[in-house]
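Open the model in your viewer and keep the sequence panel beside it. Each stop below says what to select and what is there.

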Amino acid sequence: MPKRSHPPSPPRLPSPSARRWRAATAAAALAVLAGGSLAACGSDAKASDAGADAVATTPTTMPAWYAAGGGTHMTTVSRDTTTVDDDASAKDTTSLGTDCVTLLTDVQAAQIFAPAPDADTQQHWSDALDRLAQSAADCRDGVTRSDSALIAKAAKERRAGSTELNQAMKSAAALSG
């Protein structure tokens, strides 16, 4: 019996997070080549718990981390938090549910991004992301279940997360120039 030949499998493309990381790393490298310098340029990166591809290097200065995507994650999470706050103030539960899911998704993306190289910034950033993730999940569940107590709990968690986020953003801005 003759063997069947199968068409070759298409090449496997890198995950979206790997493509974003590579693009951000390339942008940071270009910034360095264009005039900046990085002290101790890179260390082994950790693979995320979510299974993202391992990263070859992690930015070791705040300006490099911020330019490589840290600043974008901070801005996105801040914008999402403000949107959720606006929905809650307007008592728009339809938008609130959708926007809490968006916040949770963006927080999870930020959580798998490289840690900030400054310990103080990273502590505030990590605390903000943890609190905002819990808030977004509780918000989503509260809206789904029409549970006003859970929505109120989410609002309290969001306020605490926002305080940490503001501290992280101030620290990152001061250290990133």
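**Ground rules.** This is a predicted model, in which local features need pLDDT of at least 70, side-chain atom pairs count only at pLDDT 80 or more, and totals for chains, interfaces and linings use all residues. Residues are numbered from 1 along each chain as its sequence is written, and side-chain values use heavy atoms, with hydrogens and water left out.

**Stop 1: the whole chain.** Colour by secondary structure. The protein chain has 5 helices and 0 strands, in the order α-α-α-α-α along the sequence. Helices (H or I, at least four residues) and strands (E, at least two) are DSSP runs, numbered from the N terminus. Of the 177 residues, 34% are buried. Buried means under 20% relative accessible area, exposed over 50%, and partly exposed in between (1.4 Å probe, protein chains only). Now consider contacts, meaning heavy atoms within 4.5 Å. Among those with a separation of 6 or more, 66% are between residues 24 or more positions apart.

**Stop 2: H3 against H4.** Select residues 93-111 for helix H3 and residues 119-145 for helix H4. Their axes come within 8 Å and cross at roughly 150°. The axes are lines fitted to C-alpha atoms, for helices over the stretch in contact, and angles run from 0 to 180 degrees between N-to-C directions. The crossing of H3 and H4 is left-handed: the near helix is turned anticlockwise from the far one by less than a right angle (clockwise would be right-handed). Show side chains next. On H3, the contact residues include Leu96, Cys100, Leu104 and Val107. On H4, they include Trp125, Leu129, Ala133 and Arg140. By class, the contact has 15 nonpolar, 3 polar and 2 charged residues. Here Ala, Val, Leu, Ile, Met, Phe, Trp, Tyr, Cys and Pro count as nonpolar, Asp, Glu, Lys and Arg as charged, and the others, Gly among them, as polar.

**Stop 3: the rings.** Rings of Phe, Tyr and Trp (its six-membered ring) pair if their centres lie within 6.5 Å; planes under 30 degrees apart count as stacked, over 60 as edge-to-face and the rest as tilted. By this rule there are 2 aromatic pairs. Trp65 and Trp125 have ring centres 6.4 Å apart and planes at 80°, so the pair is edge-to-face. Trp65 lies in helix H2 (residues 62-89) and Trp125 in H4, so the pair ties together parts 60 residues apart in sequence. Both Trp65 and Trp125 are buried.

**Stop 4: His124.** Which side chain does His124 join through a polar contact of 2.7 Å? Select Glu164 to see the partner. A polar contact is a pair of N or O atoms within 3.5 Å; within protein, one must be able to donate a hydrogen and the other to accept it, and residues adjacent in sequence count only if both atoms are side-chain atoms. His124 is buried, at 18% relative accessible area. Beyond four places in sequence, His124 also touches Gln167 and Ala168.

**Stop 5: Ser171.** Move to helix H5, where Ser171 is found. Ser171 is buried, at 12%. A polar contact of 2.4 Å joins the side chains of Ser171 and Thr121. Asp118 and Asp120 also touch Ser171.

**Stop 6: Leu175.** Stay in H5 (residues 148-176) and select Leu175. Is this residue buried or partly exposed? At 40% relative accessibility, Leu175 counts as partly exposed. Pro63 is 112 residues away in sequence but 7.0 Å away in space, C-alpha to C-alpha. Leu175 touches Pro63, along with Met62, Asp118 and Thr121.
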